[in-house]
Amino acid sequence: MSDELLVDARGTRCPYPVIELARAAASSPAAHVVLLADDPVALTDVPAWCRMRHAELLRVEKCGDHWRFEILTRHPDGR
Amino acid sequence: MRPASPQIGQWLATSAQRAWASPAAGYHEGKVSQSLLSESAATMARLFGAGSARFEPSPGSAVRSAVMDLAASEHFAAVATSAVDADVVRVAVRQCADALGVPHTTLSVDSEGRIDTPSLAAVDRPTILVTNLGNQEIGTLQTDLADWATATGAAVVLDARCALGWTDLPDYWDALIADPRAWGGPGGACAVLTRSSAEPRDVDTEPFDNVPAAVAAALSAEQWMSVAGAARESARAHLATIGRRLHHGLTGIETHGGGPSALPHVLSISVLYVDAEALQSALDKRGFGVGSGSACASRSGEPSHVLAAIGGLTSGNIRVGLPPGLSADTIERFADAVIDVVTEVREEMGTAWL
């Protein structure tokens, strides 16, 4: 996917994975964000951020020592 | 927990003079101690509508005593807690499970932190359930367990530490756990309040003997229960004011607590893009002591399991328990302080624009 933005927040702890995600979402036109995080707190806080920010958490995968979150930060209809 | 009652020093000093002897001592002063201990237990039982009461040195020992005593009088095949009970309760129940050789199950909760119907329906054997009456972090009042307990033959031990006085007691419990520190009373004299007036069967190997703490516990409970009814309404209004001010003054905020089916004095506040430890210490400098459910502000490095269980935001979290008697002015100052401190921390962290 060409408009996919990769945010690598590995090595950062709460609240930084969510801050990195929000910074990326605010500064990029890409609607798809892939976030890599190894802080287990992200498993709770990324879904909470998506709910609070009306984003959609498409998928969470465990990849070895970290998790990969796939997020649709804006709705395709432009909301 | 709240600041100690102004009378606590006097209560402890007076009873320490009168009850210096162990209640087990076989001379006059021992009998004085024993009689003060019994009177204090009777006061606790009367105040909370229990058949009898006894004291334990800590919340954990109170939970263990309540569970082991129920298990000594009747056969139970499992013990259970919910996903949002306090750590001290979950640890104590796990210890009981090990001691009894029965499984310890964890019941799941809905998005507000009440034990959910499917997990109650899945309980298929006589169980001792230990759970909170009002949640210690988000204030949610427990679902009514009366029909479930009757249908399944379960015994219910309620961790009522945060709730006593703040809400009417339901009638489905077999035992209640109380901690006088919740109402400004002393530490070291938690109470197990039992529905039945029978003597405990599981007799502790080390009898409770901190009689001054027990006397102060009962006196502080009397004082608290005489004003608790009036405190409820003003706390509920204060909590609503705080919630309204914060939602109006801050973006990226969610709160849990307040409302008709929650304790009137407990509020959990989570804000995006801030470090909870920074919030907590900045509020402390302004004279406001708040808890936190964020990983960075906890000793264990783990986020609040309560917030995680309800899908709440765990970062940037502070939690508030309002003591009674606060003025409207203090509430406004607190709301101003939270808004200022969040704004300042976001500026320092470079996240204000998000």
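In what order do the four strands of the open sheet in chain A stand, and what is the pairing?

Tutor: Happy to look at that with you! Keep in mind that this is a predicted model. In chain A, the four strands of the open sheet follow the order 1-2-4-3, and their pairing is mixed. At the edges you will find strand 1 (4-8) and strand 3 (56-63) of chain A. Each of these has a single partner strand, so one side of each is left without a neighbour in the sheet. From one strand to the next, the twist averages 15°.

Strand 3 of chain A pairs with strand 4 (residues 66-72) of chain A in the antiparallel sense, over seven bridges. To find this pairing on your screen, pick A:C63 and look for A:H66 in strand 4 of chain A, which stands opposite.

Helix 1 (residues 16-27) of chain A lies across strand 1 and strand 2 (32-37) of chain A. Relative to strand 2 of chain A, this helix runs at about 160°.

15 residues of chain A are in contact with 19 residues of chain B. On the chain B side, the touching residues divide into nine nonpolar, eight polar and two charged.

Chain B itself comes in two parts: domain 1 (8-226) and domain 2 (229-349). Their C-alpha centres lie 28 Å apart. Between them, 17 residues of domain 1 of chain B are in contact with 20 residues of domain 2 of chain B. The domain 1 side of that contact divides into eight nonpolar, seven polar and two charged residues.

Chain B also has an open sheet to set beside the one you asked about. Three strands form it in the order 8-9-10, with antiparallel pairing. Its edge strands are strand 8 (253-257) and strand 10 (317-321) of chain B, and each pairs on one side only. Neighbouring strands here are turned by 15° against each other on average, direction ignored. Strand 8 of chain B is joined to strand 9 (residues 266-271) of chain B by five bridges. One pair to look for is B:E254 with its bridge partner B:S270 in strand 9 of chain B.

Let's finish with two helix pairs in chain B. Helix 1 (residues 8-18) and helix 7 (residues 211-249) of chain B pack at an angle of about 140°, with their axes 8 Å apart. Because of that angle, helix 1 of chain B counts as oblique to helix 7 of chain B. Their crossing is right-handed. Among the residues that meet there are B:W11 and B:L12 from helix 1 of chain B, and B:V215 and B:L219 from helix 7 of chain B. This contact divides into nine nonpolar, two polar and no charged residues.

The second pair is helix 8 (residues 276-285) and helix 10 (residues 328-349) of chain B, packed at about 135° with axes 10 Å apart. That angle makes helix 8 of chain B oblique to helix 10 of chain B. Helix 8 of chain B passes helix 10 of chain B in a right-handed crossing. B:A278, B:L279, B:A282 and B:L283 in helix 8 of chain B meet residues of helix 10 of chain B, including B:V341 and B:E344.

Definitions and conventions:
Residues are numbered from 1 along each chain as its sequence is written. Chains are lettered from A and ligands numbered from 1 in the order in which they are written. This is a predicted model: local features need pLDDT of at least 70, side-chain atom pairs count only at pLDDT 80 or more; totals for chains, interfaces and linings use all residues. Domain bounds come from an automatic or database domain assignment. Two residues are in contact if their C-beta atoms, placed from the backbone, lie within 7 Å. Ala, Val, Leu, Ile, Met, Phe, Trp, Tyr, Cys and Pro count as nonpolar, Asp, Glu, Lys and Arg as charged, and the others, Gly among them, as polar. Axes are lines fitted to C-alpha atoms, for helices over the stretch in contact, and angles run from 0 to 180 degrees between N-to-C directions. Angles under 35 degrees count as roughly parallel, over 145 as roughly antiparallel, 65 to 115 as roughly perpendicular and the rest as oblique. A crossing is left-handed if the near helix is turned anticlockwise from the far one by less than a right angle, and right-handed if clockwise. Two strands pair if DSSP finds at least two bridges between them.
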